[in-house]
Amino acid sequence: ARPLSQNYAVSLRLTDAHGRWLRQLDTQPGFGFLPSSGWPAAQWTADWLALGLPELDPAAGPYPLVAQVYEVSAPETAVLTRRLGVLSGREFAPNEPVFELPEGVVGGATAVFGDVIALVGYTVEKQDDTLTVTLIWQALGDGQTDYTRFVHLVNPAGDQPPLAQIDGFPVFNTYPTSQWQAGEVVTDVVALPVGQTPPGEYDLLVGFYGAGESGAVERVTAVDKNGAPFPNDAVPLPTEARLRN
């Protein structure tokens with residue numbers, strides 16, 4: 001959008017269906033011949049990258065392909081993340097937003113986050129040492145900001161840190177909220193490890209956070225369908241989260 005003084009690095013990453021990295025390429029744009037400090041403002045800059053592929057089991061896919069741009073001095077903090085699409089076998093399909101609710105989901109917001117994202121459905125399933133939480137989000141407008149989604153398993157008294165948690169971009173850290181389109185429905189599966197969690201009854205909380213105007217991390221305002229705020233901007237999923245040996 002404007003001239004850049006910073007020379008960024010670019011990363012191309014292939015993950016499995018659960019977000020685990022399979023292949024990764026990190027390089028300078030244009031393999032060093034297209035430094036971002038020389039990109040013309042308000043114009044496209046074409047870059048070509050080659051990523052070697054492993055043997056892919058079609059039954060274990062699809063395999064998301066994600067691109068990132070980041071400062072070399074802070075590779076863990078990307079300035080841009082985009083889900084490009086998915087590989088199924090050797091066929092690549094560009095990312096296409098979904099606007100229909102999954103089968104069995106009635107719809108209707110049970111919680112709204114900052115007037116930009118609604119929670120319209122969810123399921124929770126315990127199997128072995130994993131609590132699988134499937135969250136159905138709907139974008140209320142075109143995405144503008146990358147928010148981090150959190151899922152926390154906490155003591156009902158709220159006097160301890162989370163006993164288990166997953167914080168990251170939705171869809172196994174591959175689909176940033178800034179990429180969502182108005183009306184889009186995003187199915188976000190979170191596999192919460194609970195193998196080391198003592199038996200007991202816990203609360204399951206979900207929400208979003210991002211950088212506020214001051215730059216400090218702030219939770220996105222969370223209200224119910226009637227506009228009443230949730231404590232600490234964390235939405236409790238009304239499900240029984242009881243863990244046994």
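How many bridges pair strand 4 with strand 5, and in which sense? The two strands pair in the antiparallel sense over four bridges. This is a predicted model: local features need pLDDT of at least 70, side-chain atom pairs count only at pLDDT 80 or more, and totals for chains, interfaces and linings use all residues. Residues are numbered from 1 along each chain as its sequence is written, and side-chain values use heavy atoms, without hydrogens and water.

**Sheet**
- Five strands form an open, antiparallel sheet in the order 2-1-3-4-5. Strands are DSSP runs of E, at least two residues, numbered from the N terminus; two of them pair if DSSP finds at least two bridges between them.
- Strand 2 (21–27) and strand 5 (91–94) stand at the edges with a single partner strand each, so one side of each has no neighbour in the sheet.
- Neighbouring strands are turned by 25° against each other on average, direction ignored.
- L87 has F92 in strand 5 as its bridge partner.

**Largest pocket**
- The largest pocket holds about 1,000 Å³ of space. A pocket is an open set of points on a 1 Å grid where a 1.4 Å probe fits, with protein on both sides within 12 Å along at least five of seven lines.
- Its lining has 26 residues, and W39, W44, T45, V69 and L80 lie nearest the centre. Lining residues have an atom within 4 Å of a point.
- Strand 1 (9–15), strand 3 (63–70) and strand 4 (78–88) each supply at least two lining residues. Strand 4 gives the most, with five.
- By class, the lining has 18 nonpolar, five polar and three charged residues.

**Aromatic pairs**
- The whole structure has five aromatic pairs, meaning Phe, Tyr or Trp (six-membered) rings with centres within 6.5 Å.
- F113 and W137 form an edge-to-face pair, 5.7 Å centre to centre with 75° between the planes; edge-to-face means planes over 60 degrees apart.
- F113 lies in strand 6 (residues 111–113) and W137 in strand 8 (residues 130–139), so the pair ties together parts 24 residues apart in sequence.
- Both F113 and W137 are buried, that is, under 20% relative accessible area with a 1.4 Å probe, protein chains only.
- F113, W137 and F208 form one aromatic cluster.

**Backbone**
- The G61 to P62 peptide bond is cis, with omega near 0°. P62 sits in the loop between strand 2 and strand 3.
- D233 has a positive phi, near 55°. D233 is in the loop between strand 14 (222–224) and strand 15 (235–236).

How values were computed
Grid points are joined across faces, edges and corners, and a volume is the space filled by probe spheres set on the points. Ala, Val, Leu, Ile, Met, Phe, Trp, Tyr, Cys and Pro count as nonpolar, Asp, Glu, Lys and Arg as charged, and the others, Gly among them, as polar. Axes are lines fitted to C-alpha atoms, for helices over the stretch in contact, and angles run from 0 to 180 degrees between N-to-C directions. Rings of Phe, Tyr and Trp (its six-membered ring) pair if their centres lie within 6.5 Å; planes under 30 degrees apart count as stacked, over 60 as edge-to-face and the rest as tilted. Buried means under 20% relative accessible area, exposed over 50%, partly exposed in between (1.4 Å probe, protein chains only).
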